[in-house]
Every structure is written in structure tokens, then in C-alpha cells.
Amino acid sequence: MSSTFTTTTIKTTTTSSIRKRRTKVLLGHLYEYVALTYNFVCALILSRKRITKKIPKLNTDMQYYKGKTLILDLDETLVHSVRLGSESSFKEVSPSVIRKKVEVQCDKQSLLYEVYKRPHVDFFLKTISQWYKVVIYTASMAEYADPVIDWLDQDNNVISQRFFRQSCVLRNGNFLKDLTLAEEDLCKVCLVDNSPIAFDMYKENGIALPTWISNPNDESLLDLLPFLDALRFTADVRSVLRLQHKLT
Ligand SMILES: [Mg+2]
């Protein structure tokens, strides 16, 4: 009886000590797990802080180009047109110049124009439309200019806005262009025009381009691209354009 009691007591003691040891081991693992998780989370937070510090905030200089507007004149800047049957229509133009006949309905009359594209105009428009909001502002009537602009922007994804003669300001017989119709903030807008009178109201926003009639080797639009590429990064386009006016 005594021996059975002793054996049972030993067994109970052994089982209890095994349980204690298991619990100790488990608690040890649990402690390790908690410590590892804590270290991992701390390391993650620190690395994130470091990454955030490493990535610079969006360069404010780069933000300037966003939202800039480039206004383009139409006639003798991007195209040249002659009314068929008129004296000027008999002047020969190189076959390499791209052309299209455009029918214009004006005062219940149908007029036929031959419109010539300035060399490189398609490439020019496609390129600048990636840099600027592109607007056409012409002193021509909408009846003529609208179909011409449609031809220049056949996919309808280059030119954002159009302004015609009725949006011009008539002063001393000249049609001036009110740039604020396209962009109220004059820091962000410039006008490319073959006629400097057109930007008389906002001289510091104007970029003069040589008049184009028919020269098939004209590269003025290509020549302008590096300048426009740089201009979009300025905080105020006038700070650069006013220097240009002083130099000329
Ligand atoms: Mg013009």
C-alpha cells in the first residue's frame, strides 16, 4: 500500500515538474516571439522614416510647368491660306508643302480656300501639347478658322480651346488678343504670333515668330521647341520673355 502511494506521489511530482518545464519553455518561446515582433515593427517604422526622408518632396521647380498655357496664332504662324480664284492663288507653292481645300460658308456665300501647313506643324503641335495646354487664338473668322483647326487637330487631342475674331480687342484698326481669356494668371501664359501687334496688350507674354507664307524649308517651328521646352519650367514666363524683348 505504502509502495503504491509512493509510486503515485512520484508520478504526480514528475508530471507536475514536466508541466512546469513545458510552461517555462512555452513562455520562453512566447517571450522570444513578442521580442522578435517588437523588433521587427520597430525596424519597419524606422526604415519607413528613413525612406520617407530619402525621397525628396516633389521638386517645386517641377511644379511650375503644370498648368502653363501656350496660345498660338493661326495664319502665317501655323498655316497660310489663299482664296481660290484670287490673285495670290496663282502663285506656285512647292508640292512638298501639305495642303487642303477648305470650304467656308460666309454670308450665304461659299468660298473655297487652299490652306498650306507650315513645315513641321504636326510635330510641333504634338510635342507642345505634352508640355502646355494649347490654345489657338486667331483674328480670323470662326467660319474659316474652325475647319482649319479641325484639320490641324484631326484626333481632337492637341488643341484645348479656340478663340476667333469676335474675342479680339479692336484697337486702332488692329486685332489684339486678350490672353486672360485663356489664362487669367499672366505668369502662366504666352502667345506665339507672327504679328507682334497681336500681343500689344501683353508685350511680356509674347513670342514673335517669323511670318510664313510658302517656304518649304522653313524650320522656325522646330527652332522654337527648345525654347518652349525650357520656358515651361519658369515660375513666371514674363521673367524670361521680357529679357527677349530687351534684346531685340
Ligand atoms: Mg498671324
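Two residues are in contact if their C-beta atoms, placed from the backbone, lie within 7 Å. Among contacts in the protein between residues at least 6 apart in sequence, 65% join residues at least 24 apart. The model is a predicted one.

**The whole chain**

Show the cartoon. The secondary structure comes to six helices and ten strands. Of the 248 residues of the protein, 24% count as buried.

**Helices α3 and α5**

Select residues 121-128, which are helix α3, and residues 220-231, which are helix α5. Two packed helices are described by the angle between their axes and the distance between the axes. Here the axes come within 9 Å and cross at roughly 15°. Angles under 35 degrees count as roughly parallel, so α3 is roughly parallel to α5. The crossing of α3 and α5 is left-handed.

Now show side chains. Which residues of α3 meet α5? On the α3 side they are V121, F124, T127 and I128, and on the α5 side L221, L225 and L228. The residues of this contact between α3 and α5 divide into six nonpolar, one polar and no charged.

**Helix α4**

Next select residues 142-152, helix α4. Colour Y144, A145, V148, I149 and L152, which are buried. Look down the axis of α4: its buried residues fall within an arc of 120°, so they line one face of the helix.

What do the buried residues of α4 pack against? Their partners are the strands β2 (79-83), β3 (99-106), β4 (109-117), β5 (133-137) and β6 (159-163), together with helix α3.

Most residues other than glycine have a negative phi. The last two stops depart from that pattern.

Select H120, in the loop between β4 and α3. H120 is not a glycine, yet its phi is positive, about 70°. Is H120 buried, exposed or partly exposed? A residue is buried if 20 or more other C-beta atoms lie within 10 Å of its own, and exposed if 12 or fewer. H120 has 17 C-beta neighbours inside 10 Å, so H120 counts as partly exposed.

Finish at N172, in the loop between β7 (168-171) and β8 (174-177). N172 also has a positive phi, about 50°, although it is not a glycine. With 7 other C-beta atoms within 10 Å, N172 is exposed.

Conventions. Residues are numbered from 1 along each chain as its sequence is written. This is a predicted model: local features need pLDDT of at least 70, side-chain atom pairs count only at pLDDT 80 or more; totals for chains, interfaces and linings use all residues. Axes are lines fitted to C-alpha atoms, for helices over the stretch in contact, and angles run from 0 to 180 degrees between N-to-C directions. Helices (H or I, at least four residues) and strands (E, at least two) are DSSP runs, numbered from the N terminus. Angles under 35 degrees count as roughly parallel, over 145 as roughly antiparallel, 65 to 115 as roughly perpendicular and the rest as oblique. A crossing is left-handed if the near helix is turned anticlockwise from the far one by less than a right angle, and right-handed if clockwise. Ala, Val, Leu, Ile, Met, Phe, Trp, Tyr, Cys and Pro count as nonpolar, Asp, Glu, Lys and Arg as charged, and the others, Gly among them, as polar. The arc is that of the directions from the helix axis to the C-beta atoms.
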